[in-house]
2 protein chains.
Amino acid sequence: MARPTTAERGREVRRKLLDVACRLIAERGWTAVSTRMLADRAGVTPGLVHYHFSSVQALLSEAATGAMRDYLAQAPGLFDRADSPRRGLELLLGELDRHTGLDPQSLLFIEAYLAATRDDALRGEISAVVAEFRSRVADWLGRCGVADPDGTAAVLAAAIDGVLMHRALSPGMSGADVAPVLGRILAPAAGERGPHETEGTGDPA
Amino acid sequence: MARPTTAERGREVRRKLLDVACRLIAERGWTAVSTRMLADRAGVTPGLVHYHFSSVQALLSEAATGAMRDYLAQAPGLFDRADSPRRGLELLLGELDRHTGLDPQSLLFIEAYLAATRDDALRGEISAVVAEFRSRVADWLGRCGVADPDGTAAVLAAAIDGVLMHRALSPGMSGADVAPVLGRILAPAAGERGPHETEGTGDPA
DNA sequence: TGCTATTTTGGGCATCCGACCAAGTCGAAC
DNA sequence: GTTCGACTTGGTCGGATGCCCAAAATAGCA
């Protein structure tokens, strides 16, 4: 039905370039993505890349931050459905198991972290995105009565990325393996009773 | 005084190339390191790079794995001087505080992880190196009576890299901040009494 | 039906890339 | 003193790079 007007197709090309950029960053590495690569994969002419974007760097940055924002904006919905640390951790690790560390999503995140190291503007954007994610996790932890929600959220977020990165090297570390260990991080605040405290590790598969 | 024989100077050039490779990987990113860059920084002719190494990739791989091996071979000496989880964690976080996440050492590790994603031989070498590190940490944890030494060591190692990566984006997360959280990971095995269990977070700065 | 703005094309620019090689230098062993 | 092997030089090769631009195609508006 859609009569693709010119402007609409232009926006579609732009969107497509952002999409293939995410895939290529994961596939080849941030600094190895080139103008022609992007154009070929998107099925457009190389000249179009610099028509829609001021530079390849700008395209990559916009693609990465956009994808990270999209993913993390949908992820915290996870926590809203969890009222206890154990249930939240369960959902979180389920989400974690959907990533092997070699999938485009995981690699894009780590590549973006490294690229932010060499690009101040990108660093600002990315640190804002993860800061917001951390604060949402901290809110959830606070509601669940976990001690030191801010510090715990920061370490938890970092540990998630670390596990993804290590899993790419040595597969075999599943969510079920890290669950009991990370679960120990979520200790209840002093004086508050943990709703579902895990004492031993007797977790039936 | 030293009469540098030709063969000696050759070995020195090779060593120097490996050294600047580590720095350049951290500075520009793995895939952005070029033959000319390496030669310029090392103060030699571009042709020398391909005389001493079969390819730039081979040079980068050897440089990264060598540096990782050197660093991790010296790090576990840390654990030998620690008989309790808390003391070991203290030493570990002290070591962690020496890295900002933006220093060449930290960046080299993460760049190497990502490069291993696209190079099977490199992945084999790196995963062997970190596996040995993990097993040493697990040994130490076992000696200290920590529950599930293997799983704990795996998550701990991953968390360390994750914290380094996140710290590069949002500084302000010091070792003192992550200490109480990571400390909770090191729970004593069931039936065994933790030597220095940290209950609350009342840790004097 | 023109007019105008937007999108698209294909090619061109200077620069850099990894890899290779013939010729030259040097030191050590004979 | 000569020979030999390891090391070094400077340059070349085909190809890829990011970015730019004049011209062509397209579609909404008058």
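**The annotated stretch**

Guide: Let us begin with residues 11–71 of chain A, where the chain is 80% helix and 0% strand and the end C-alpha atoms are 21 Å apart. Helices (H or I, at least four residues) and strands (E, at least two) are DSSP runs, numbered from the N terminus. This is a predicted model, in which local features need pLDDT of at least 70, side-chain atom pairs count only at pLDDT 80 or more, and totals for chains, interfaces and linings use all residues. Residues are numbered from 1 along each chain as its sequence is written, while chains are lettered from A and ligands numbered from 1 in the order in which they are written.

Visitor: Which feature does UniProt place at residues 11–71 of chain A?

Guide: The unreviewed UniProt entry gives "domain: HTH tetR-type" there. Its annotation "DNA-binding region" covers residues 34–53 of chain A. UniProt positions are given in the numbering used here, feature names are shortened, and annotations may be inferred rather than shown by experiment. Residues 34–53 of chain A are 75% helix and 0% strand, with end C-alpha atoms 13 Å apart.

Visitor: Which residues come nearest to DNA strand C?

Guide: A residue is near a molecule or strand if its C-beta atom, placed from the backbone, lies within 6 Å of it. Of the 22 residues around DNA strand C, the nearest are Gly10(A), Gly47(A), Thr5(B), Ser34(B) and Thr35(B). In this surface, α1(A) has the largest share, five residues. By class, the surface near DNA strand C has nine nonpolar, 11 polar and two charged residues. Here Ala, Val, Leu, Ile, Met, Phe, Trp, Tyr, Cys and Pro count as nonpolar, Asp, Glu, Lys and Arg as charged, and the others, Gly among them, as polar.

Visitor: How should I read the packing of α4(A) and α8(A)?

Guide: Two packed helices are described by the angle between their axes and the distance between the axes. Axes are lines fitted to C-alpha atoms, for helices over the stretch in contact, and angles run from 0 to 180 degrees between N-to-C directions. Helix α4 (residues 56–74) of chain A packs with α8(A) at an angle of about 5°, their axes 10 Å apart. They are therefore roughly parallel to each other, a label for angles under 35 degrees, with over 145 roughly antiparallel, 65 to 115 roughly perpendicular and the rest oblique.

Visitor: Which residues of α4(A) and α8(A) meet?

Guide: Two residues are in contact if their C-beta atoms, placed from the backbone, lie within 7 Å. From α4(A), Ser61(A), Thr65(A), Met68(A), Arg69(A) and Leu72(A) meet Leu122(A), Glu125(A), Ile126(A), Val129(A) and Phe133(A) of α8(A). This contact has six nonpolar, two polar and two charged residues.

Visitor: How are chain A and chain B related?

Guide: Two copies of a chain are related by a rotation about an axis and a shift along it. Here a rotation of 180° with 0.0 Å of shift along its axis superposes chain A on chain B (RMSD 0.1 Å). The two copies are thus related as by a two-fold rotation axis. Copies are superposed by least squares on the C-alpha atoms of residues with pLDDT of at least 70 in both.

Visitor: How many residues does the contact take from each of chain A and chain B?

Guide: The contact takes 48 residues from chain A and 48 residues from chain B. On the side of chain A that touches chain B, α9(A) has the largest share, 15 residues.
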